[in-house]
Amino acid sequence: MAIERYNPRDAEPRWQRVWAERGIFETKNDNPRPKYYVLEMFPYPSGRIHIGHGRNYVMGDVVARFKRMKGFNVLHPMGWDAFGLPAENAAIERNSHPKIWTYENIATMKEQLKLLGLSLDWSREIATCDPSYYAEQQSIFTDFFGEGLVYRKESEVNWDPIDNTVLANEQVIDGRGWRSGALVERRKLSQWFFKITAFGEELLAALDGLDRWPDKVRLMQRNWIGRSEGLMVRFALDAKTAPAGDTELEVYTTRPDTLYGASFLAIAANHPLAEKLADTKPGLADFIAECRRGGTSAEAIETQEKKGFDTGIRAEHPLVPGWYLPVYVANFILMDYGTGAIFGCPAHDQRDLDFARKYDLPVKAVVLPEGEDPETFAVGNVAYDGDGLLFHSDFMDGLSIPDAKEAIARRLEAQDLAGRPQGKRQVNFRLRDWGISRQRYWGCPIPIIHCPSCGPVPVPKADLPVVLPDDVTFDRPGNPLDRHPTWKHVNCPQCGGAATRETDTMDTFVDSSWYFARFASAPGEQPLSKGAADHWLPVDQYIGGIEHAILHLLYSRFFTRALKSVGRVSVAEPFAGLFTQGMIVHETYKDSAGKWLFPEEVEKRADGTAVRVGTDEPVTVGPPEKMSKSKRNVVPPEIVADTYGVDCARWFMLSDTPPERDSEWTEAGIEGAWRFTQRLWRLVNEAVELGGAEASGLPNQFGPEATALRRAAHKLAASVEEDFDRLRFNVAVARVHAFANQFGEAIAAVRNAGGAPSADLAFALNEAARIVTGVIGPMIPHLAEECWTILGGEGLAAEAPWPVVDRALLVEDEMTLPVQINGKKRAELTISATASEADIQEAVLALEGVTRALEGRAPRKIVVVPKRIVNVVV
RNA sequence: GCGGGCGUGGCGAAACUGGUAGACGCAAGGGACUUAAAAUCCCUCGACUUCGGUCAUGCGGGUUCGAUCCCCGCCGCCCGCACCA
């Protein structure tokens, strides 16, 4: 009987229809099975997807399908992060409306995603631009407002002159807008803020409990929150040198122990004192302007020389009366950290040292490294920031750094300056409150009404949602909501007087800070239902790109805590498990004119050169890069589905490369996946042909061939289960390959023997086919359904349980131990798995390889590691 | 500059985190089948070798019966950042 080729073009759409018709991926909240929530970061509907977008969805789908097989009630939803600037830009370009563009993209991308055969619950689909979604968000906003978690302040903001909007600090990359790339300017505006700093301590402490997050991401968040313990120290200013009214300068330090090594104070260029002095000190205004010009990028700062301007002001050392330190304005002090002022201790801080050397200031060491002589120890051009004991420090002499910090804190807390303690312990955070105001149309309106007499008043919940008006134009820069003729004019909900709506909309990061909780609600339920959210959260496995390591993930952690504090949910952490997958990369191609070419326009020749399809025009092949529309190195999912089928694409995406690393998409790779899926199909068919479609009763006895095959199949299920749990898809794929080799050999052996296989072997063949069908189900679900069908499986493969592993089969009767002489492998010993150590030692010494290597010498020692290895030491 | 990570065949990578280094795949070479091609199947595939072995996980040391794994010192790549007081 000739086996038909597996035809994905027929099978894949057919099974997708069956899954959809039976609604098997629609999750019920009252299902009594234990819950499992797997979520991939939802996409922004930017246009069309390419295969590079598919990797994280496929990984999530493997997890979802696997957990379903393991008996969980799995929630695996999908939605659209649909608000944002690109829609407005597209509207401007096409003279259209952001809504039209967005919903068209959603329709396209949804069809493309469906092509991938993902087990998604589309009944819970959401788009953040849908009024039903943002209505709830506005309601949450008013709750936060009531709880004091939202406030308004006049603040200097990052102004993006191209996008005409405010950017969060986090959205400024190298001094430029993260989307437009424009050099960011500073402006003062009245802005709404979320009080993320109120949770700083908690957000930091809870990172320790996120043990299923990558360490890298936790570290990035830890650094971002930036907690430091230090001391606020007030320095008295010498009245003869300071402007009238300025009697003191407060600095923040994490190294108060080095105070005896101080040689200057420095303030930021935009410190109030510096700004005041700028009018009177010749040259200072120019210096401040120069500091502002300096770039804020890492490179710019790295190469920037430390510069200062001596204000002429002198500050008295808090511990040594009569010791005066110069006060500089310096370009390396930041106003928004601490107090915008420091004391410099050159011996123990590299930046201070560079500064001191430039301006010829004293460098006095006060921490002595172990083993150094206090008489001779000196700091050259490298500051000493290591451990040691204090010296040249009066009452702190001989103390360790922590003890010295404690001693000086006590001393300055007790010491009085102008009626207040001169020092105060303080914990500082780098984290700053989250500015959410955006002067844009395509976002969630902030539900506030500004009343001339009552001030800002939240829109009453009964009046929500505040819906975006459709009749807006984008023919002029600025915010269309602001210039809309009627929308913003309303009456104050409190006093009834004429008032105006807030015309700012929310940062789109707000939309994505609670969508995972929204998915918990079944269709028809309240958008954010406490019961449903408490049932489903936290997300058991969240999957997305590393680029969201800080912003989205930190905001979501904050938002969930804030929701908890207003009683909307009971959980604090949204994501119990996080996985950051690598990108899919692809070679780039350029024609002779330097124009980017799509992969399908390029033909590779046997000699390694590349030409344009159907011509002799040479093509330059570039290194693999992230798939991007602009470089045209993209592969559309439709083409892959039409030529090889999506199971091939899925298999290839999971193969070879560990999921957290970047993976290269190649034609050879997808062809390999094609060959293997066909091979699997043949193997299962052959097994059915030889072993029968129906599972027969368990035979009483199994011969060695049947046992070996059963053992391999059960081992496969056991190890792939482990691999899936650890998201090691590449290893799972390798194991399926290895099993297929063994399966193929077993089948060939049966064929070569001729005649019908014995009952035990027939059983083993059928069982192996069933197990491998189960194991591949999460990865290549369409092929699994086809295999399931010819195996006469009950219902759908997608609903079948994970293969039951017979643990007894995993235990070998015999083991083969490598035998080493002095750590080098010299022989192998096959012996009963229950052999004692003495038996093993005896057997080892009898081995030919061992006697030859020993050359008559007696072994000094024999190390037997149970079930692992034997090492004979000579 | 600070912080973190990674270096294993021609390539992607495994190695149960101290126990046979290179599973599995890709590419390559050889063979079988075929009128031919495709498909499929089989073999070879780290280096050297006197065929006994020897050397090999970036380089140099160390700990250990035994090191890709732990420690110290270099070299080279990659990522993050906020000169954070």
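## Helices H22 and H23

In this predicted model, Val736, Phe739, Phe743, Ile747 and Val750 of H22 meet Leu761, Leu765, Ala768, Ala769, Val772, Val775 and Ile776 of H23, where contact means heavy atoms within 4.5 Å. These residues comprise 12 nonpolar, no polar and no charged; Ala, Val, Leu, Ile, Met, Phe, Trp, Tyr, Cys and Pro count as nonpolar, Asp, Glu, Lys and Arg as charged, and the others, Gly among them, as polar.

H22 spans residues 729-753 and H23 residues 759-776, and their axes come within 12 Å and cross at roughly 155°. H22 is therefore roughly antiparallel to H23 (angles under 35 degrees are roughly parallel, over 145 roughly antiparallel, 65 to 115 roughly perpendicular and the rest oblique). Axes are lines fitted to C-alpha atoms, for helices over the stretch in contact, with angles from 0 to 180 degrees between N-to-C directions. The crossing is left-handed, meaning that the near helix is turned anticlockwise from the far one by less than a right angle; clockwise would be right-handed.

## Helices H2 and H21

Helix H2 (residues 51-69) packs against helix H21 (residues 704-725) at an angle of about 130°, the axes being 10 Å apart. The two helices are therefore oblique to each other. H2 contributes Val62, Phe66 and Lys67 to the contact, and H21 contributes Glu721, Phe724 and Asp725. By class, this contact has 3 nonpolar, no polar and 3 charged residues.

## Ser393

Ser393 is located in the loop between strand E17 (389-390) and helix H12 (401-414); helices (H or I, at least four residues) and strands (E, at least two) are DSSP runs numbered from the N terminus. Ser393 counts as buried because its relative accessibility is 0% (buried is under 20% relative accessible area, exposed over 50%, partly exposed in between, with a 1.4 Å probe and protein chains only). A polar atom of the Ser393 side chain lies 2.9 Å from the backbone oxygen of Phe391. Leaving aside residues up to four places away in sequence, Ser393 touches Tyr260 and Val366.

## Thr615

Thr615 occupies the loop between strands E33 (610-612) and E34 (620-626), and is partly exposed, with a relative accessible area of 31%. Its side chain reaches the backbone oxygen of Arg612 at 2.8 Å and the backbone nitrogen of Glu617 at 3.1 Å.

## Basis of the values

Residues are numbered from 1 along each chain as its sequence is written, and chains are lettered from A and ligands numbered from 1 in the order in which they are written. Local features need pLDDT of at least 70 and side-chain atom pairs pLDDT 80 or more, while totals for chains, interfaces and linings use all residues; side-chain values use heavy atoms, leaving out hydrogens and water.

Note on methods: Polar contact = N/O pair within 3.5 Å; in protein donor to acceptor, adjacent residues only side chain to side chain.
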